[in-house]
Amino acid sequence: MVMTENLAHILVFKTNINNGNDKLLLEQTMSALVAIEEWSIDVEDVDRVLRVVSHETGPQEIINKVRALGFDCQELE
Amino acid sequence: MRVRDENKEVAIREKAMEMIVKGGFEALSMQKLAKAANVSPATIYIYYKNKEDLLHQLFNKAQEVFAARALQGFDPEASLEEGLWTQWKNRLKFITESPIYYQFFEQFRNSPLINHKNVNMAYFRENMMIFVRNAIKRGELSKMDPEIFWSLAYGSFYSLVKFHLQEKKMMTETFKLTDVKLKIALKMVVKALKPENAN
């Protein structure tokens, strides 16, 4: 069986977001973006990976928003 | 275009189980897993949000695979002896062919890390329940606590598996669970499960 489900709506970013206040700040921004269906951040990983599920938002838009908060953010390779 | 790759997913899953079996839950990290499975960290994060999410999905999937394998050719309407035989054979085959699943379950069983119900197991449980009810109805099985039933019907089997895998040793160093030996044990178990007044 060939699976051709497109996964382009799942975006992953490398950030420097830490626990606590950083997360709160991010939460405010993320919850304000209505086009985002789901998001999570893995602060236990060295890359502090931000994962966003959205069919309408592109990676650059997320990067801009996160950088506007003063954090590093780039697409994870 | 980024698309779902079933092969890659299986590779990630089995590598993750392998790492857990070898070094415990602590040994696993998303980065280490990416390296071991020869994929980019981004690929891992497409499928899983974090380590906890990975463990949950891993456990669910492993149970699904187990259920599918255990139910292969299994008829819940079969007699107690026939049905148990199919279960034992299926489970032994699965354990021998894919030991990583068995070891992974063993690791999980002793872990307080995850305690959750898997909804995907409903079909499997229902099949097992129908099988047991039928056996009681036909007078092949006495009514007993499910824990007692499991200990006799499956506990005995898993104990033999441990000897077979050399995880436990008794008199001989080289006990092998052959079909003949398995059948001998099954006959005794079936006899023990029978209501007292039955022949």
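A: Domain bounds come from an automatic or database domain assignment. For chain B, the assignment gives domain 1 (1–48) and domain 2 (59–193). The model is predicted: local features need pLDDT of at least 70 and side-chain atom pairs count only at pLDDT 80 or more, while totals for chains, interfaces and linings use all residues. Residues are numbered from 1 along each chain as its sequence is written, and chains are lettered from A and ligands numbered from 1 in the order in which they are written.

Q: How many residues of chain A are in contact with chain B?

A: Two residues are in contact if their C-beta atoms, placed from the backbone, lie within 7 Å. Here 18 residues of chain A contact 15 residues of chain B. Strand 1 (10–15), strand 2 (38–42) and strand 3 (49–53) of chain A are the elements that give two or more residues to this side of chain A; strands are DSSP runs of E with at least two residues, and helices are runs of H or I with at least four, numbered from the N terminus.

Q: At what angle do the axes of helix 4 and helix 5 of chain B cross?

A: Axes are lines fitted to C-alpha atoms, for helices over the stretch in contact, and angles run from 0 to 180 degrees between N-to-C directions. The axes of helix 4 (residues 51–70) and helix 5 (residues 80–97) of chain B come within 9 Å and cross at roughly 135°. Helix 4 of chain B is therefore oblique to helix 5 of chain B; angles under 35 degrees count as roughly parallel, over 145 as roughly antiparallel, 65 to 115 as roughly perpendicular and the rest as oblique.

Q: Which residues of helix 4 and helix 5 of chain B meet?

A: F66(B), R69(B) and A70(B) in helix 4 of chain B meet Q87(B), N90(B), R91(B) and F94(B) in helix 5 of chain B.
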